[in-house]
Every structure is written in C-alpha cells, then in structure tokens.
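Reader: Hi there! Could you walk me through this model?
Author: Happy to; here it is.

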Amino acid sequence: MVEMIVVIGIVTMLASISIVSFRRGGRATDLTREAQTLALNLRRAQNMALTGALFQGATPGGYGIYLNAASPNSYILFADLDDNKLYGGIGELIETITFQKNVVITGLAPASAVNIVYSPPEPTTTIYDDTGANLGNTASATLGFSGATIFKTVNINISGQISVQ
C-alpha cells in the first residue's frame with residue numbers, strides 16, 4: 001500500500017513538471033511566431049517598395065514599419081506619401097498589426113520610436129526616429145511577455161537584412 005502511494009506521488013510530480021514545461025514551451029512558440037510575423041511584415045514593406053505598389057492611386061516615396069515603445073502591443077505598416085521617411089499619421093496608415101498572445105515590445109534600439117522605411121527602386125533602407133534624425137545602420141525590436149524572462153529580437157540593417165534571434 002505504501003509503495004502504491006509513493007508511485008502515485010512520483011507520477012503526480014512528473015505530470016505537474018511536464019505541464020509547466022509544456023506551458024513554457026507554448027509561450028516560447030507564441031513569441032517566436034510574433035517575432036517572425038514582424039520580420040515578415042518588414043519584408044512585406046520592402047517588397048511593396050521594390051515592386052512600386054500603388055497606395056491610394058499614387059506611388060509613395062516608400063513603405064515602412066513604425067515601432068513605438070509607447071504602443072508596445074502593436075506596430076504600423078505605412079506608405080510614406082510625403083517621402084519624409086516618417087510615419088505621418090492616419091493618412092499614411094495601411095495596417096495596424098497587433099501582437100497576439102500578450103506579446104509586447106519590451107525594447108527598441110537605438111531609440112524609443114523607430115521608422116524603418118524602404119524607398120524604391122532598390123529599395124534603400126532608412127532608419128529614423130520621430131524627429132527625422134537618422135539612427136544609423138541598424139535597429140532592433142525586442143519582443144517578450146510582461147514580467148517574463150524569454151525574449152526574441154528582430155534586427156534590421158540598412159543593407160536590407162532582417163534577422164530574428
């Protein structure tokens with residue numbers, strides 16, 4: 001009888017450990033999916049610039065993604081109608097993409113708001129802050145969960161390279 005109780009206790013303990021591990025693995029998968037979706041939308045903006053896609057019947061100066069630490073639950077795909085390399089508001093909005101499964105932007109570098117714009121025909125990549133200051137050759141967006149210790153970082157380079165780490 002005692003042996004049976006010990007075996008049941010061990011099985012219960014192993015089951016609870018596996019459930020916790022499964023949940024943690026599910027969160028990691030959700031985070032990876034959202035980081036890959038951000039990278040995909042960066043490529044989408046790049047391809048729109050490369051193909052000269054029309055927006056509201058006109059060819060904009062480029063297409064971009066706007067990330068802002070003040071809005072950590074979403075980011076914006078936009079058409080740069082005035083060719084200033086900045087998101088100019090609702091008139092340039094193509095789509096607001098909201099992160100799923102409680103994923104948020106936990107960090108942006110090198111500024112708290114980043115405009116990544118691809119301009120035709122090459123497409124040329126520019127990385128600016130909200131004031132129009134050039135932020136250099138690279139930018140990164142770190143995604144995670146509030147209070148969690150797992151993160152994914154999407155890196156963007158002006159050569160057009162996009163990677164997820």
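**Salt bridges and fold**

Author: The structure holds three salt bridges, a salt bridge being a side-chain nitrogen of Lys or Arg within 4 Å of a carboxyl oxygen of Asp or Glu. This is a predicted model, where local features need pLDDT of at least 70, side-chain atom pairs count only at pLDDT 80 or more, and totals for chains, interfaces and linings use all residues. Residues are numbered from 1 along each chain as its sequence is written, and side-chain values use heavy atoms, with hydrogens and water left out.

Reader: Thanks! Which residue forms a salt bridge with Arg44?
Author: That is Glu95, with the closest N and O atoms 2.8 Å apart. The pair links distant parts of the chain, as Arg44 sits in helix α1 and Glu95 in strand β3 (residues 93–98), 51 residues apart. Helices (H or I, at least four residues) and strands (E, at least two) are DSSP runs, numbered from the N terminus.

Reader: Which residue does the side chain of Lys85 meet?
Author: Asp83, in a salt bridge of 2.7 Å from N to O.

Reader: What share of the residues is buried?
Author: Of the 165 residues of the chain, 39% count as buried. The chain exposes about 8900 Å², and carbon and sulfur atoms supply 59% of that. Those areas come from the Shrake-Rupley method with a 1.4 Å probe, and for residues only the protein chains shown count as cover.

Reader: Which residues touch the most other members of the largest nonpolar core?
Author: Leu38, Leu42, Ile65, Leu67, Ile116, Tyr118 and Val154, out of 31 residues in that core. A nonpolar core is a set of buried Ala, Val, Leu, Ile, Met, Phe, Trp, Tyr and Cys residues joined through side-chain atoms within 4.5 Å.

Reader: Which element gives the most to this core?
Author: α1 does, with eight residues. Apart from this core lies another, of five residues, among them Tyr66, Ile76, Ala113 and Val117.

Reader: What is Leu42 in contact with?
Author: Leaving aside neighbours within four places in sequence, Leu42 is in contact with Ile65, Ile116, Tyr118, Val154, Ile156 and Ile162. Contact means heavy atoms within 4.5 Å.

Reader: On to the sheet: what order do the strands have?
Author: The open sheet of four strands runs β4-β7-β8-β9, with antiparallel pairing. Its edge strands are β4 and β9 (162–164), each pairing on one side only. Neighbouring strands are turned by 20° against each other on average, direction ignored. The axes are lines fitted to C-alpha atoms, for helices over the stretch in contact, and angles run from 0 to 180 degrees between N-to-C directions.

Reader: How many bridges join β4 to β7?
Author: Six, and the two strands run antiparallel. Gly107, for instance, has Thr142 in β7 as its bridge partner. Two strands pair if DSSP finds at least two bridges between them.

Reader: Last one: where does Thr125 lie?
Author: In strand β6 (residues 124–128). Thr125 is buried, with a relative accessible area of 7%. Its contacts, leaving aside neighbours within four places in sequence, are Ile116, Val117, Tyr118, Asn157, Ile158 and Gly160. By contrast, Glu122, in the loop between β5 and β6, counts as exposed at 53% relative accessibility.

Conventions: Buried means under 20% relative accessible area, exposed over 50%, partly exposed in between (1.4 Å probe, protein chains only).
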